[in-house]
Amino acid sequence: MGKLLPGFAVVALLMLITGLVWGLAIAPADYQQGNSFRIIYIHVPAAILAQSCYLLMAVAGLVSLVWKMKVADMVGKSCAPIGATLALLALATGAIWGKPTWGTWWVWDARLTAMLILLFLYIGVYTLHSTIDNELNAGKAGAVLSLVGVVNIPIIKYSVEWWNTLHQGSTFSVTEAPKMAPEMWMPLLVMVIGFYCFFAVILMLRTRTEILEREKRTGWVKELVEAN
Amino acid sequence: MISPDNSDLSLRRVFWITLRRDLMLAYRRRNDLISPLMFFLMVATLFPLGVSPDPEFLSEVAAGVVWVAALLATLLSMDSLFQSDFDDGSLEQMLLSPQPLALLVFAKICAHWMISGLPLTLMAPLLGVMLFLPEQGMSALVISLLLGTPTLSLIGAIGAGLTVGLRKGGVLISLLVLPLYIPVLIFGTGTVQAASIGLPVEGYLAIMGAILALGVVLAPLAVAAGLRISVSN
């Protein structure tokens with residue numbers, strides 16, 4: 001067991017359970033959207049995480065290209081499938097939320113489209129990783145691609161202002177006072193922190209597997225396997 | 001390629017030599033130049049056949065159809081950008097040469113644009129007429145393509161650099177590059193649509209110019225990094 005892993009796992013579990021019960025059962029219903037707004041407690045954390053994950057992937061890529069750190073390389077590789085899943089989750093919950101509130105599953109709104117592009121970018125990085133046989137080169141190529149794609153993150157952020165369409169503005173910001181009522185906003189904060197911790201847990205597990213996979217010919221991995 | 005006695009070539013000279021070499025190579029294989037153009041024309045022909053030949057409807061979607069067709073045609077010609085150089089080993093010589101790789105790459109991209117993006121841009125008014133694009137949108141179409149297709153070549157080259165030498169390069173390139181093309185497509189069609197209904201287009205063109213400037217500065221570096229990785233595979 002790693003040093004940080006149990007800590008993050010416990011916090012993630014507590015936060016997610018607290019946030020879910022609080023958000024789904026205790027927080028008051030929205031005066032316009034009724035109970036359907038409660039999907040926000042999955043949708044918003046997933047969307048935030050999907051973007052943060054890309055940023056982390058790009059930073060890991062930069063570190064691996066500049067300082068040639070092998071672990072950064074592996075973190076970058078592990079980020080791609082997690083990020084793709086989160087982007088897909090954000091899109092799916094958004095569609096489910098859109099049906100009762102906007103009356104449609106999908107609109108070609110800037111933010112939705114940007115999230116879809118983010119999903120495509122993740123799939124691109126993931127496919128590039130799996131197509132190149134040489135692991136080191138796959139890592140470097142993925143790093144270059146994620147750095148190129150990071151241009152997309154500001155476009156996602158500012159697309160609301162640029163194209164200004166159906167999607168509501170951001171409800172969640174650390175630096176500004178929340179526009180939501182505190183009894184709705186607090187569980188969201190708990191959920192976001194819970195998602196971050198959960199993400200950390202998954203990332204550590206995946207990276208650990210990746211390390212073992214790549215170092216499978218070394219002595220310490222063999223000892224580890226024999227010991228268990 | 002570079003012998004010790006002429007290794008003090010000025011950067012500008014290296015740029016011109018590479019550009020001329022690529023243009024000459026393209027000129028020797030003239031048939032390859034035609035295919036993206038034919039593809040461009042055919043996509044635009046398929047659209048009225050597939051959706052509706054109604055002039056009113058077509059004039060509304062013309063900008064988007066021409067832009068999407070141009071984007072796909074550029075993509076089609078993209079995977080050959082480094083392939084022949086990779087196959088005959090001249091790409092490795094470029095990597096080994098004392099000249100900055102990003103500059104050589106930039107010259108190659110310029111050559112690629114001249115043989116793909118530029119003809120597409122010149123052909124676009126024909127497609128515009130076929131698709132009943134409003135008269136006042138025509139110049140915006142040409143100008144937006146003139147600003148946009150170099151960006152498409154620059155971004156596409158990043159994908160080409162990362163996938164050169166891979167078995168499934170062609171399909172992979174579209175997967176990597178198409179998401180990055182989307183902003184150019186949005187502003188490109190936005191320009192033409194704004195012009196068609198008589199709105200000012202300077203803002204759109206300024207953004208497209210800004211994206212192009214960003215691409216010119218950064219893309220050759222990314223392509224060079226990608227090529228170094230691909231060649232060491």
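What pattern does chain A follow, read along the sequence? Chain A runs α-α-α-α-α-α-α-α.

This is a predicted model, in which local features need pLDDT of at least 70, side-chain atom pairs count only at pLDDT 80 or more, and totals for chains, interfaces and linings use all residues. Residues are numbered from 1 along each chain as its sequence is written, and chains are lettered from A and ligands numbered from 1 in the order in which they are written.

**View 1. Chain A in outline.** Chain A has eight helices and zero strands. Helices (H or I, at least four residues) and strands (E, at least two) are DSSP runs, numbered from the N terminus. Of the 228 residues in chain A, 37% are buried. A residue is buried if 20 or more other C-beta atoms lie within 10 Å of its own, exposed if 12 or fewer, and partly exposed in between; C-beta atoms are placed from the backbone. Take the contacts in chain A between residues at least 6 apart in sequence: 77% of them join residues at least 24 apart. Two residues are in contact if their C-beta atoms, placed from the backbone, lie within 7 Å.

**View 2. The largest nonpolar core.** This core has 123 residues. A nonpolar core is a set of buried Ala, Val, Leu, Ile, Met, Phe, Trp, Tyr and Cys residues joined through C-beta atoms within 7 Å. The residues with the most contacts inside the core are Ala50(A), Ala87(A), Met115(A), Leu118(A), Val66(B) and Ala70(B). Helix 2 of chain A (residues 40-67) gives the most to this core, with 14 residues.

**View 3. Helix 2 against helix 7 in chain A.** The axes of helix 2 and helix 7 (residues 182-214) of chain A come within 9 Å and cross at roughly 45°. Axes are lines fitted to C-alpha atoms, for helices over the stretch in contact, and angles run from 0 to 180 degrees between N-to-C directions. Helix 2 and helix 7 of chain A are therefore oblique to each other. Angles under 35 degrees count as roughly parallel, over 145 as roughly antiparallel, 65 to 115 as roughly perpendicular and the rest as oblique. The crossing of helix 2 and helix 7 of chain A is right-handed. A crossing is left-handed if the near helix is turned anticlockwise from the far one by less than a right angle, and right-handed if clockwise. From helix 2 of chain A, the contact includes Ile40(A), Tyr41(A) and Val44(A). From helix 7 of chain A, the contact includes Phe195(A), Tyr196(A) and Phe199(A). By class, the contact has 14 nonpolar, no polar and no charged residues. Ala, Val, Leu, Ile, Met, Phe, Trp, Tyr, Cys and Pro count as nonpolar, Asp, Glu, Lys and Arg as charged, and the others, Gly among them, as polar.

**View 4. Ala58(A) in helix 2 of chain A.** Ala58(A) is buried, with 23 other C-beta atoms within 10 Å. Leaving aside neighbours within four places in sequence, Ala58(A) is in contact with Ser146(A), Leu147(A) and Val150(A). Leu212(A) is 154 residues from Ala58(A) along the chain, and their C-alpha atoms are separated by 23 Å.

**View 5. Helix 5 of chain A beside helix 10 of chain B.** The axes of helix 5 of chain A and helix 10 (residues 202-231) of chain B come within 9 Å and cross at roughly 165°. These two helices are therefore roughly antiparallel to each other. Their crossing is left-handed. Asn137(A), Lys140(A), Ala141(A), Val144(A) and Val148(A) of helix 5 of chain A meet Ala222(B), Ala225(B), Gly226(B) and Ile229(B) of helix 10 of chain B. The residues of this contact divide into six nonpolar, two polar and one charged.

**View 6. Loop residues Lys68(A), Phe132(B) and Ala29(A).** Lys68(A) lies in the loop between helix 2 and helix 3 (70-102) of chain A. Lys68(A) is not a glycine, yet has a positive phi of about 55°. Lys68(A) is exposed, with 11 other C-beta atoms within 10 Å. Phe132(B) sits in the loop between helix 7 (117-130) and helix 8 (138-163) of chain B. Phi of Phe132(B) is positive, near 60°. Phe132(B) is partly exposed, with 17 other C-beta atoms within 10 Å. Ala29(A) is in the loop between helix 1 (5-26) and helix 2 of chain A. Ala29(A) is exposed, with 12 other C-beta atoms within 10 Å.
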